[in-house]
Amino acid sequence: MTDLAAVKAALKTQAVETPSWAYGNSGTRFKVFAQAGVPRDPFEKLDDAAQVHAATGVAPTVALHIPWDTVDDYGALAKHAEERGLKLGAINSNTFQDDDYKLGSICHPDAAVRRKAVDHLLECVDIMDATGSTDLKLWFADGTNYPGQDDIRARQDRLAEGLAEVYERLGDGQRMLLEYKLFEPAFYTTDVPDWGTAYAHCLRLGEKARVVVDTGHHAPGTNIEFIVATLLREDKLGGFDFNSRFYADDDLMVGAADPFQLFRIMYEVVRGGGFTSEVAFMLDQCHNIEAKIPAIIRSVMNVQEATAKALLVDRAALADAQASGDVLGANAVLMDAFNTDVRPLLREVREEMGLDPEPLAAYARSGWGEKIVAERVGGRQAGWGA
């Protein structure tokens, strides 16, 4: 039997990092739909993030994206976060929105472009120093569109060289989290296309380098929980970018497309010790047509529900069934946990934490949505264009 008190205690320690960019305007390649009340600067993004944490109690950190969240005084930004009960989380680099990076950034054939990209990554480490952030998160759009366009192996050499320089700049307690993506925007080769490539580079770099699993960055049918289990076994799982996909990198709300997959992933996290380790659980989503703050609250709740179900798996019964070769029995143990309605349990957890048991209803009653629509008039909304 599962110890419910232990499950509740674990859920109270959960922390889900929200991304600053999810509070701004976003969209598809074709159109970005602006919404009233969207933040106009990183400080207002933190104000909105504080509402998510107030409603859920488990979203205490906010990831930044540079240059989208560039400010003159990062110490002031960190203080602004602290005053709202938050901390600044991972610093995400951007080497994909500059004309110089058309043929790549850190893997570009031109040494001057590579220097520019590496200097940006080093600047991100400087920002980590100023904000107290511990994680530098890297994703590269680098790749090629046609056979023969560039030397595949040489690009890996350039990647390794650039990563090594940035790795050496990391201070005590700081980490490099390397993300991978199957394709897009490059369609023939991507320089970090899968977990194996990311793992190989992290292994060579050292203990401070870890792999990030974005749940939308895999080929259809990929067993993501196998990847999670393997990286945990090798002590190389640095964190997650949680989102959902139907077709490719859709960046929809986590748990929206396949809640059973999210449960399976979270079970491997619980089973592998990742829930109580330094594995970072971050949302990486684009709320294109839905209201930003309620969507992020719902996403945090989806992660909570999947985690609660994973914690409810009767691991002793599962181990017995597995050891005896009881295929159906073992599967039934997992399905029993997945099919459990954990919403009453989570309502109890929230009440014990001094929170409203219904986060979305609590946010709606707060009046914050109406307040920001009325007050955030004028200026340039945060986002990446229309």
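The structure is a predicted model, and every value below is computed from it. Its largest pocket holds about 1400 Å³ of space, its second largest pocket has a volume of about 630 Å³, and the count of cavities of 30 Å³ or more comes to 1. The count of salt bridges is 32, and cis peptide bonds are found from I66 to P67 and from E184 to P185.

**Largest pocket**

- The space of about 1400 Å³ in the largest pocket is lined by 47 residues, and those closest to its centre are F96, W139, K181, E184 and D249.
- Strands β4 (135-138) and β5 (143-144) each contribute at least two residues to the lining of this pocket.
- By class, the lining of the largest pocket is made up of 19 nonpolar, 14 polar and 14 charged residues.

**Second largest pocket**

- The second largest pocket, with its volume of about 630 Å³, has a lining of 25 residues, and E17, T61, T134, E278 and A280 are the ones nearest its centre.
- Two or more residues of this lining come from each of β3 (87-92) and β10 (280-283), and β3 gives the largest share, with 4 residues.
- The lining of the second largest pocket divides into 9 nonpolar, 11 polar and 5 charged residues.

- The largest cavity contains about 70 Å³ of space, and its lining consists of E17, A90, D135, K137, L177, V212, G238, G239, F240, D241, A280 and M282.
- The elements supplying two or more residues to the lining of this cavity are β4, β9 and β10, with the largest share, 4 residues, coming from β9.
- The cavity lining comprises 6 nonpolar, 2 polar and 4 charged residues.
- E17 and A280 belong to the lining of the largest cavity, and E17 and A280 are also among the residues nearest the centre of the second largest pocket.

- Side chains of opposite charge can pair when their charged atoms come close.
- K12 and E352 form a salt bridge in which the closest N and O atoms are 2.6 Å apart, and this pair links distant parts of the chain, with K12 in helix α1 (residues 4-12) and E352 in helix α12 (residues 343-352), 340 residues apart.
- K12 counts as partly exposed because its relative accessibility is 33%, and E352 likewise counts as partly exposed because its relative accessibility is 44%.
- A network of salt bridges links K8, K12, E348 and E352.
- R169 and D129 meet through their side chains in a salt bridge of 2.6 Å, N to O, and this pair also links distant parts of the chain, with R169 in helix α5 (residues 152-169) and D129 in helix α4 (residues 111-131), 40 residues apart.
- R169 is partly exposed, with a relative accessible area of 28%, and D129 is partly exposed as well, with a relative accessible area of 43%.
- R365 forms a salt bridge with D356, in which the closest N and O atoms are 2.3 Å apart; R365 counts as exposed because its relative accessibility is 57%, whereas D356 is partly exposed, with a relative accessible area of 26%.

**Surface patch**

- F246, Y247 and L252 make a nonpolar surface patch of about 370 Å².
- L252 is located in the loop between β9 (237-242) and α8 (259-271) and is partly exposed, with a relative accessible area of 30%.

**Backbone features**

- Most residues other than glycine have a negative phi, and most peptide bonds are trans.
- The cis peptide bond from I66 to P67 has omega near 20°, and P67 lies in the loop between β2 (61-65) and α3 (74-83).
- The cis peptide bond from E184 to P185 has omega near 5°, and P185 lies in the loop between β6 (175-179) and β7 (189-190).
- E184, although not a glycine, has a positive phi of about 80°, and E184 counts as buried because its relative accessible area is 19%, which falls under the 20% cut-off.
- E184 is also among the residues closest to the centre of the largest pocket.
- D251, likewise not a glycine, has a positive phi of about 55°; D251 is found in the loop between β9 and α8 and is buried, with a relative accessible area of 11%.

How values were computed
Residues numbered from 1 in each chain as written. Heavy atoms only, no water. 1 Å grid on protein atoms, 1.4 Å probe; cavity = no way out; pocket = protein on both sides within 12 Å on 5 of 7 lines; lining within 4 Å. Points joined across faces, edges and corners; volume = space filled by probe spheres on them. Nonpolar A, V, L, I, M, F, W, Y, C, P; charged D, E, K, R; others polar. Salt bridge = Lys/Arg side-chain N within 4 Å of Asp/Glu carboxyl O. Buried < 20%, exposed > 50% of the residue type's maximum accessible area, 1.4 Å probe, protein only. Patch = residues over 30% accessible without salt bridge, like charges linked within 9 Å, V, L, I, M, F, W, Y side chains within 5 Å. Areas by Shrake-Rupley, 256 points an atom, 1.4 Å probe, with all protein chains shown as cover.
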